[in-house]
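User: I would like to learn how to read some features of a structure, one at a time. Please give the general idea of each and then the case at hand.

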Amino acid sequence: MDEQKKAQAEELAGQLSYKKTNFFEASDEAAIQAAYDYATGYMDYLNRAKTEREATRLSVRMAEAHGYTPYTFGMKLEVGGKYYYNNRGRNLYLFRIGSEPIDSGIRIAAAHIDNPRLDVKQSPLYEDGGFAFFKTRYYGGIRKYQWVTIPLALHGVVAKKDGSVVDVVIGEEDADPVIYINDLLPHLGQEQSQKPLATAIPAENLNLLLGSRPYPGAEKDAIKLNILSILHEKYGIIEEDFLSADLSAVPAEKARDVGLDRSLIGSYGHDDRVCAYPCLTALFDTDASAHTTMVILADKEEIGSDGNTGMQCDLMTDLIAEITASLGGNFATVKANSKCLSADVTACFDPNFADVYERRNVSMINCGVAMSKYTGHGGKSSTNDAPAEYIAWVRKIMAEAGVIWQAGDMGRTDLGGGGTVAKYIAKHNIETVDLGVPVISMHAPYEIVSKADVYTAHEAFSAFFRL
Ligand code: MN
Ligand code: MN
């Protein structure tokens, strides 16, 4: 072939074609090191915040260290002021007032801090066959077979009638005991092995193993009594107190580097701390932004964003109304001009299950934070389908900041799907699109993300707030 024609065609392809950029191929050593360094802070956040309550508490501490102060309704706000609103200890709003008129809108990044887990039921404690157990109700979309025979920790609170609230954490210190869910031995597992994955472990088998030692001298339910006595000694609680408790079993494992090249992070709760943490660091890094900026860390996303700590609660618009009123703006104008990145994870292409993805429209590992124009199911039902104009605006700020990012669908259209908080924000007349980190084994007790992708999320949210 004519060498000149070949070169021309190559040049044209370079100008006209689009392909994803691999972070490692496109970055110098310093940028790669920055991504690895950033992961250290993220992994510390993961280990210290396994529930929405813990994530709220830790995020408040981080915000206070960066000069954020508690906001109360009706408070007079100042340009440059940094505020947080702690909604019931499970949902957090952080906002910084920019120098631009409030009518130009607010830059909002919204992630969620609840994750799939096993919640303890209201009358949970029982004894059977020489063991004591807690009954559980699973929270969010879990694949039940993944939660048996792994070390679990108990996290949460017990609220007592006298108004006091007791914090419970068992299983996080190396010297702590863990709890556990039994599974069948293969020797007797032939019937179970014939069942579909979804039904092989029924929900009512997800019972937390708590102990096996009887209380000395007790004639009835002696093992249960012994557990009650241990809990009473440590936390001052009695059985009736379980009626008013938020207790959850979560994986006891800590976040760790995965892979011999340490390019990946394994942890419980990447969905959606892997977006929550970059939203926070981006907010703290963009103090000089002229825009009013807001980070929302929502609860209840995994169960439909219902409840007064979820994104379907009126609190977001109440806060926008309060901010608008304090700064003399117009509520409808502020909403109409606001822009939101719904910061939630998406599926990452997994070659072990290649056929569930649509290869031309899936997020690839190390190709950066991923934008989903739409989520939902089937024929785009139940989704905020972000408009082309807004996506073009996001493309522009990403390009200006040099952020490596990609676009990606979750998987093959007819296989299932999922939702995010995007549609609950967009319905208030706010431009919204999903942007988040691709995850391998999403919703499993131990999920995988790439350090490069986490770092690009931080860069993307920073660009969004700054530019
Ligand atoms: Mn999520
Ligand atoms: Mn999820």
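User: Are Phe23 and Tyr455 buried or exposed?

Analyst: A residue counts as buried when its relative accessible area is under 20%. In this predicted model, Phe23 and Tyr455 are both buried.

User: How are the rings of Phe23 and Tyr455 placed, stacked or edge-to-face?

Analyst: Two rings pair if their centres lie within 6.5 Å, and planes over 60 degrees apart count as edge-to-face. For Phe23 and Tyr455 the centres are 6.3 Å apart and the planes make 80°, an edge-to-face pair. Phe23 belongs to helix H2 (residues 23–26) and Tyr455 to helix H13 (residues 451–466), so this pair ties together parts that are 432 residues apart in sequence.

User: Which residues do ring pairs link into a cluster with Phe23 and Tyr455?

Analyst: The cluster is made of Phe23, Phe24, Tyr38, Tyr42, Tyr45, Tyr277 and Tyr455, linked by ring pairs. The count of aromatic pairs comes to 20.

User: How do Tyr71 and Phe95 pair?

Analyst: Tyr71 and Phe95 form an edge-to-face pair, with 5.4 Å from centre to centre and 70° between the planes. This pair links distant parts of the chain, 24 residues apart: Tyr71 is in the loop between strand S1 (69–70) and strand S2 (82–87), and Phe95 is in strand S3 (residues 91–96). Tyr71 counts as buried because its relative accessibility is 3%. Phe95 is also buried, at a relative accessible area of 0%.

User: Now to cavities. How many of 30 Å³ or more does the structure hold?

Analyst: Rolling a probe the size of a water molecule over the atoms shows where empty space is left. The structure holds three cavities of 30 Å³ or more.

User: Which residues line the largest cavity, and where does it lie?

Analyst: The lining consists of Thr51, Arg53, Glu54, Arg57, His155, Gly156, Val157, Asp167, Val168 and Val169. Helix H4 (52–65), strand S7 (152–159) and strand S8 (165–170) are the elements that give two or more residues to this lining. By class, the lining residues are three nonpolar, three polar and four charged. Domain 1 (17–115 + 268–466) and domain 2 (117–251) both give residues to the lining, so the largest cavity lies between them.

User: What lines the second largest cavity?

Analyst: Its lining residues are Asn115, Pro116, Trp147, Tyr268, Gly269, Asp271, His443, Ala444 and Glu447. Of these, four are nonpolar, three polar and two charged.

User: Last topic: separation in sequence and in space. What is the distance between Thr317 and Lys335?

Analyst: Each distance here runs from C-alpha to C-alpha. Thr317 and Lys335 are 18 residues apart in sequence and 8.6 Å apart in space. Thr317 is in helix H9 (residues 315–326), and its relative accessibility of 10% makes it buried.

User: And how far is Leu208 from Ser289?

Analyst: Leu208 and Ser289 are 81 residues apart along the chain, and their C-alpha atoms are separated by 48 Å. Leu208 lies in strand S9 (residues 208–211) and is buried, with a relative accessible area of 0%.

Methods: Residues numbered from 1 in each chain as written. Chains lettered and ligands numbered in written order. Predicted model: local features only at pLDDT ≥ 70, side-chain atom pairs only at ≥ 80, totals over all residues. Heavy atoms only, no water. 1 Å grid on protein atoms, 1.4 Å probe; cavity = no way out; pocket = protein on both sides within 12 Å on 5 of 7 lines; lining within 4 Å. Points joined across faces, edges and corners; volume = space filled by probe spheres on them. Helix = DSSP H or I, 4+ residues; strand = E, 2+ residues; numbered from the N terminus. Nonpolar A, V, L, I, M, F, W, Y, C, P; charged D, E, K, R; others polar. Domains from an automatic or database assignment. Phe/Tyr/Trp six-rings, centres within 6.5 Å; stacked < 30°, edge-to-face > 60°. Buried < 20%, exposed > 50% of the residue type's maximum accessible area, 1.4 Å probe, protein only.
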